Amino acid sequence: MKQTFLLLLLVLVIAACKKIEGPGGTSAIRGQLTGQDYSFGDKEITTVSFTSGATIEHGDYWLLNSTENSKLYYIYYTNPTWISSADPQLQGRIGIAVSFNYSDSNIEIAQRTLDSINQQNDLPFELSLTQDILTVTSKFSGEVVDADDYTTPFSVDISNQGTPNMLGDTFGRAGERVYIIYGDNTYSANSIRTDEEGKFSFEGLQIGTYTIYAISEDTIQNGKFNRISKTIEITEKKQIVDGGVFNVFY
Amino acid sequence: MVGYSMFFIRKLFFSIGIILISSSIHSQFSTWMGIGVNHTFHKMFSAELGYEYRLKNTNEFDKSNVELKLSQNWHKGIETFVKYRNSIVGNRNSALNLKPFAYDNRVSFGLDVSFLKFLDVKRTKLNWVITQQFDNYQFKRNSSMLRNRLLFKHDVKDFPLSPFVSVEHFYRWNRDVVYTNDEVIISGGTNAWRYFIGTDVEISKKQRLMLSFGFRDLILSTNDNLILRVNYKLDI
């Protein structure tokens, strides 16, 4: 009898079959896909009007941004008559030094600034100068944090915003596809469509980690699409996990 | 008693024959071919090792089973058993684990009651087999199934054939999964009925061939099955 019991136990151990992420479970992931219509962002245009050297202090600076996080600048003004450094040493930004004299006119300050910025490689914007007005046009469409005159007396204006224009309200989108990736896989194994409220439910899932994503249009580059994704974990059987809201652009 | 049994068996043969013919129109066809070796020891224990190869129609691979069955005869006509079965099937989710085949495991235990043995009836069998089985699949929901099988078999005197019929009911404890707003409800229900009609062919005292034709009626699926089953058994 004891042997029979041990044999039965052995059989049960052998029967243990390893499960992995995918179908064959009793859990579900639910969520909602919402969408917003938009019009593409434009190339941001910034104009800077300069003043004469007599109005600038050694160490004054202004901030210039771009669509790329690695290319944010500060332009500071240094007078050779000063011994101390004019560089404010801002972290996460590229410093551009402009040497000036108190006797410089506003046009000369504008020209010196243009020359100093042009010494940088791979600028993410194009520059043009008209008298004392410097026009900075972003090379790429999209949102740019506005330039700031900061400690300088210059006048900084944004003549054309790069931010995409959002149209209408965000609401649940019907009939849109939502995809699921099982575990560490790269590609989706299944997809479903949303209901009339934009809700979706992936059911029959096993314990494990899943990536849920929807496809959104890129608000900057025409024809490009992005994944709006979330990694969601099912930790037990018969569990319904709320994946939350996936907001996409149309 | 034997005369009554024969009358009953004839009626049952006829009924199941009608079911098989009427069900054959829209069903898929399967071929099950098996071989088994049985050994009895100490008169009350027996071990059986079997292999079965299943085909869809007559040429497409469906499933390959290896099964080990251990049974114990407690009393005349009362037997208990435990079984383990490993199946190899085509992997429909091969993209997930890059394996062409999937393995399914089944553990079951049950009770086989042979009623007519209580009455010392030798040539006719009336058996009720109740089995609880647990199936573990890699990419399907695990299954817990209660099976009840009724078998009538008659050993024709001075003739190598023993015709039989059987009816089996499959009740799945976790058949239905309902995803409500905030919980998952699992409930049971009849999964299938299976009918077999056939005969044992006694090749020798230790060898027999079982030929049968069956029909599996799936309750929540239209994939009903007609089954041709050929099984060779050897006692050693």
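1. Does Lys238(A) count as buried, partly exposed or exposed? The residue counts as partly exposed, because its relative accessibility is 44%, and the exposed class begins only over 50%. Lys238(A) sits in the loop that links strand 14 (225-234) to strand 15 (240-249) of chain A. Its phi is near 55°, which is a positive value in a residue other than glycine.

2. The model is a predicted one, and its scores are ipTM 0.71 and pTM 0.69. For chain A the average pLDDT is 89, with 93% of the residues scoring at least 70. For chain B the average is 88, and 89% of the residues score at least 70.

3. Within chain A, the lowest mean pLDDT among the elements belongs to helix 1 (residues 2-15), at 55, and the highest to strand 4, at 96. Within chain B, helix 1 (residues 2-23) has the lowest mean, 62, while strand 7 (residues 143-154) has the highest, 95. Where pLDDT is low, predicted coordinates should not be read in detail. That caution bears on helix 1 of chain A, with its mean of 55, and on helix 1 of chain B, with its mean of 62.

4. Chain A has two helices and 15 strands. Of its 250 residues, 40% are buried. Taking contacts in chain A between residues at least 6 apart in sequence, 64% join residues at least 24 apart.

5. Chain B has three helices and eleven strands. Along the sequence its elements run α-β-β-β-β-α-β-α-β-β-β-β-β-β. Buried residues account for 43% of the 236 residues of chain B. Among contacts in chain B between residues at least 6 apart in sequence, 47% join residues at least 24 apart.

6. The largest nonpolar core has 22 residues, and the members that touch the most others are Phe50(A), Trp62(A), Leu64(A), Ile75(A), Tyr77(A), Ile117(A) and Phe154(A). At least two residues of this core come from each of strand 3 (61-64), strand 4 (73-78), strand 5 (94-99), helix 2 (106-118) and strand 7 (133-141) of chain A. Helix 2 of chain A contributes the most, four residues. Another core lies apart from this one; it has 19 residues, including Ile29(A), Leu33(A), Tyr210(A) and Val248(A).

7. Which residues does Phe50(A) touch, not counting those up to four places away in sequence? They are Trp62(A), Tyr77(A), Asn106(A), Ile109(A), Ala110(A), Thr113(A), Asp132(A), Leu134(A) and Phe154(A).

8. Ile109(A), one of the residues touched by Phe50(A), belongs to helix 2 of chain A. Ile109(A) is buried because its relative accessible area is 1%, and the cut-off is under 20%. With neighbours within four places in sequence left aside, the contacts of Ile109(A) are Phe50(A), Thr51(A), Ser52(A), Gly53(A), Ile56(A), Tyr77(A), Phe100(A), Asp104(A) and Phe154(A). One of these, Ile56(A), is 53 residues away along the chain, and the C-alpha atoms of the pair are separated by 9.6 Å.

9. How many cavities of 30 Å³ or more does the structure hold? There are three. Strand 7 of chain A supplies the largest share, three residues. Sorted by class, the lining of the largest cavity has six nonpolar, four polar and two charged residues.

10. His42(B), a residue other than glycine, has phi near 55°. His42(B) is in the loop between strand 1 (28-41) and strand 2 (45-56) of chain B. It counts as exposed because its relative accessibility is 67%, and exposed means over 50%.

Note on methods:
Residues numbered from 1 in each chain as written. Chains lettered and ligands numbered in written order. Predicted model: local features only at pLDDT ≥ 70, side-chain atom pairs only at ≥ 80, totals over all residues. Heavy atoms only, no water. Core = buried A, V, L, I, M, F, W, Y, C linked by side-chain atoms within 4.5 Å. Buried < 20%, exposed > 50% of the residue type's maximum accessible area, 1.4 Å probe, protein only. Contact = heavy atoms within 4.5 Å. 1 Å grid on protein atoms, 1.4 Å probe; cavity = no way out; pocket = protein on both sides within 12 Å on 5 of 7 lines; lining within 4 Å. Points joined across faces, edges and corners; volume = space filled by probe spheres on them. Nonpolar A, V, L, I, M, F, W, Y, C, P; charged D, E, K, R; others polar. pLDDT = per-residue confidence, 0-100.
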